[in-house]
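Visitor: I would like to go through the labels used for this protein and hear what each one rests on.

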Amino acid sequence: RMLDIVPCDLFYEIAGFLNEASDLVTLSQLNRTCHHLLNEEVFWQRRANWEFGIKSTTKSSWKVEYQSCYEQRIIPTPVKTAIRCRPPSSQEASNTLAKLEMLPQSVSINDQVFSFDHSFDTNSNQMDVFTSTCLPLVKGFLNGINGAMYAWGPTGTGRTHTIHGDSDSMIHRSLQHIFDQKKEMQLRISFFIIHLERIEDLLQDPDQNRRGISIQHLEKKQVFNLNDAIFNLKNGQERWKKFVEADSPLSIRSWTIIILWMERHVTIPMGKKIYSAQLSFVDCASSCAPRNSYRTLDVRGRHSIRSVTNMISALFDQSKPPTPYRATQATRILKHTWGNNCQTVMLGTLSPMECDVQQSEMTLKFVSCCSKVINPVQKKVQYVDDQMP
């Protein structure tokens with residue numbers, strides 16, 4: 001029962017103090033000592049000084065100061081990786097399947113084995129992917145932790161389908177989970193693409209967006225319920241589809257990005273806590289061109305992909321030049337998700353066909369390397385102390 005009241009490390013620390021004074025510690029003694037120390041200001045002052053080096057406080061009590069520091073501590077977190085293989089289409093039924101072995105946490109291809117946090121075979125569905133990869137990001141998002149989910153892979157492997165392609169996608173399920181929690185919050189949504197180094201806002205009126213915009217003027221639509229969020233999302237998807245139809249040869253080199261912005265106020269006995277975070281869903285520009293169409297692709301689109309791979313590689317390979325965060329629009333906008341305060345998931349998508357095995361191998365190599373990146377994750381929470389003047 002005491003472990004429900006105090007952190008485990010604090011529980012054993014108190015027990016250690018008692019052991020120094022007595023050879024025999026009863027549960028009732030431990031219980032009384034815990035409750036006594038938890039109400040002593042000097043105890044929380046010592047904890048704050050010992051764990052976080054805090055010498056003085058601006059809060060109404062040292063207990064509030066310690067809780068604030070503890071909740072905002074930095075936790076080194078590796079980027080999570082996952083692989084998903086789409087099922088063969090009806091047109092591919094007669095084609096040869098690749099020798100691809102999907103295990104729960106690894107994938108084998110061409111006698112090479114790559115390890116991941118999660119692996120989803122052709123029988124997996126959107127719910128399986130959401131529960132294992134996206135749901136932890138959504139829960140952290142509601143508690144002030146930035147999150148980002150990437151879908152990376154060749155064209156035609158299910159990137160868009162997974163992220164925002166239908167009513168069962170990651171963004172739709174995330175919105176449903178957020179509103180199911182019935183927590184009071186302010187939620188805003190942005191939906192845009194990066195195409196040939198231009199940012200096109202899909203939630204802004206097209207007549208006002210012909211020349212592209214800078215990220216500072218990005219539309220952040222406030223949504224009040226699930227229907228409102230889905231309505232804005234569908235409007236953005238309709239404009240996205242028109243863009244793809246109008247410029248399909250080059251659209252595979254476009255980055256599609258959806259960002260949720262959240263602010264939530266929680267009342268506590270001595271004031272309130274303000275949580276704020278952002279959750280990004282990134283449908284990456286195609287990491288490999290479709291077969292027989294590479295020459296139709298713009299050089300700026302290829303440079304955008306290369307700049308992001310260089311940015312990620314520089315974070316775990318010390319022999320690389322400094323992280324090129326300013327190389328392209330994509331690296332500028334996505335830099336907060338790599339090597340910075342963000343929980344990041346990289347999902348690689350594969351084709352099951354033998355003719356695509358080279359592209360699948362490239363995807364597996366790159367996604368497995370992403371797990372080497374360590375992000376310093378920290379809650380974004382502000383304590384407002386009502387007892388301070």
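What follows is a set of questions about those labels, with the values behind them.

Visitor: What should I know about the model before we start?

Guide: This is a predicted model, in which local features need pLDDT of at least 70, side-chain atom pairs count only at pLDDT 80 or more, and totals for chains, interfaces and linings use all residues. Residues are numbered from 1 along each chain as its sequence is written, and side-chain values use heavy atoms, with hydrogens and water left out.

Visitor: How many helices and strands does the protein have, and what makes a stretch count as one?

Guide: The protein has 12 helices and 15 strands.

Visitor: Why is R86 called buried?

Guide: Buried means under 20% relative accessible area, exposed over 50%, and partly exposed in between, with a 1.4 Å probe and protein chains only. R86 is at 16% relative accessibility, so it counts as buried. It is in the loop between strand 2 (80–85) and strand 3 (100–103).

Visitor: What makes the link between R86 and S351 a polar contact?

Guide: A polar contact is a pair of N or O atoms within 3.5 Å; within protein, one must be able to donate a hydrogen and the other to accept it, and residues adjacent in sequence count only if both atoms are side-chain atoms. The side chains of R86 and S351 are joined at 3.3 Å. The side chain of R86 also reaches the backbone oxygen of G156, at 2.8 Å.

Visitor: Why is Q382 called partly exposed, and which residues does it touch?

Guide: Q382 has a relative accessible area of 49%, so it is partly exposed. It is in strand 15 (residues 381–385). Leaving out residues up to four places away in sequence, Q382 touches K272, K273 and I274, where contact means heavy atoms within 4.5 Å.

Visitor: What makes the phi of K182 worth a remark?

Guide: Most residues other than glycine have a negative phi. K182 is a residue other than glycine with a positive phi, near 55°. K182 lies in the loop between helix 7 and strand 8 (186–195), and at 74% relative accessibility it counts as exposed. Helix 7 (residues 170–180) is mostly covered, with 8 of its 11 residues buried.

Visitor: Which other residue has a positive phi without being a glycine?

Guide: D111 does, at about 65°. It lies in the loop between strand 4 (106–109) and strand 5 (112–115), and its relative accessible area of 82% makes it exposed.

Visitor: What makes K220 a charge over a ring?

Guide: The rule asks for NZ of Lys or CZ of Arg within 6 Å of the ring centre and within 35 degrees of the ring normal. The charged end of K220 sits over the ring of W261, 3.8 Å from its centre.

Note on methods. Helix = DSSP H or I, 4+ residues; strand = E, 2+ residues; numbered from the N terminus.
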